[in-house]
Amino acid sequence: MHVTHDPAASASPTIDFNTFLAVDIRVGTIVDAKPFPEARKPAWRLWIDFGPVIGVRKSSAQITENHPLETLVGQQVAAVVNFPPRQIGSVVSEVLTLGFPDADGKVVLMQPSKPVPNGGRLF
């Protein structure tokens, strides 16, 4: 799924602005988080509230190393909300929760630096 975690990798090919706009990245608040023991790689199941228009969507996120389960509820995160749902084991992931790799390649969630309204779109 991931192209590379290597910070020294070259940039992806150039895209036009309309292609970028087609990716709908929104902010939401994690309202529930549960273990996902059936996952092949360690992951949490997340329920993220994207506000009244999009609502609460489910995600599976491989963020266990940097984000303990008990710290997740109430955190705001960024996610792609317009990919088709994806079956991940027994879970249907409805959004792609976004993050960056740390120095060890473990995911750190992409989050706003201060609270913003749920459903806000990245621009």
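Q: Where is Leu69 found?
A: Strands (E, at least two residues) are DSSP runs, numbered from the N terminus. Leu69 sits in a loop, with strand E3 (56-61) on one side and strand E4 (76-80) on the other. Its place is the loop between E3 and E4.

Q: What kind of model is this?
A: Residues are numbered from 1 along each chain as its sequence is written, and side-chain values use heavy atoms, with hydrogens and water left out. Local features need pLDDT of at least 70, side-chain atom pairs count only at pLDDT 80 or more, and totals for chains, interfaces and linings use all residues, as this is a predicted model.

Q: Which residues does Leu69 touch, not counting residues up to four places away in sequence?
A: Contact means heavy atoms within 4.5 Å. The C-alpha atom of Leu69 is 19 Å from that of Ser90, 21 residues apart along the chain. The residues that Leu69 touches are Ala33, Lys34, Pro35 and Trp44.

Q: Which side chain makes a polar contact with that of Thr64?
A: Thr64 is in the loop between E3 and E4. Beyond four places in sequence, Thr64 is in contact with Pro42, Ala43 and Trp44. A polar contact is a pair of N or O atoms within 3.5 Å; within protein, one must be able to donate a hydrogen and the other to accept it, and residues adjacent in sequence count only if both atoms are side-chain atoms. At 3.5 Å, the partner of Thr64 is Glu65.

Q: Is His67 buried or exposed?
A: Buried means under 20% relative accessible area, exposed over 50%, and partly exposed in between (1.4 Å probe, protein chains only). His67, in the loop between E3 and E4, has a relative accessible area of 8%. His67 is therefore buried.

Q: Which residue has the backbone nitrogen that the side chain of His67 reaches at 3.0 Å?
A: Leaving aside neighbours within four places in sequence, His67 is in contact with Trp44, Leu72, Gln75, Val107, Val108 and Leu109. One of these supplies the backbone nitrogen at 3.0 Å. That residue is Leu109.

Q: What is the distance of the polar contact between the side chains of Gln75 and Gln111?
A: Gln75 also belongs to the loop between E3 and E4. Outside four places in sequence, its contacts are Gly28, Thr29, Ile30, His67, Leu109 and Gln111. The side chains of Gln75 and Gln111 meet at 2.5 Å.

Q: Which residue has its backbone oxygen 3.1 Å from a polar atom of the side chain of Ser93?
A: Ser93 lies in strand E6 (residues 91-93) and counts as buried, because its relative accessibility is 6%. Among the residues Ser93 touches beyond four places in sequence are Lys58, Pro85 and Ile88. The backbone oxygen at 3.1 Å belongs to Val95.

Q: What is the relative accessible area of Gly105?
A: Gly105 is in the loop between strand E8 (99-101) and E9. Its C-alpha atom is 8.2 Å from that of Asp6, 99 residues apart along the chain. Gly105 counts as partly exposed because its relative accessible area is 29%.

Q: Which strand gives the most to the lining of the second largest pocket?
A: On a 1 Å grid over the protein atoms alone, a pocket is an open set of points where a 1.4 Å probe fits, with protein on both sides within 12 Å along at least five of seven lines; lining residues have an atom within 4 Å of a point. This pocket holds about 180 Å³ of space. Its lining includes Ile25, Arg26, Val27, Met110 and Gln111. With 3 residues, the strand that gives the most is E1 (residues 25-35).

Terms used
Points joined across faces, edges and corners; volume = space filled by probe spheres on them. Helix = DSSP H or I, 4+ residues; strand = E, 2+ residues; numbered from the N terminus.
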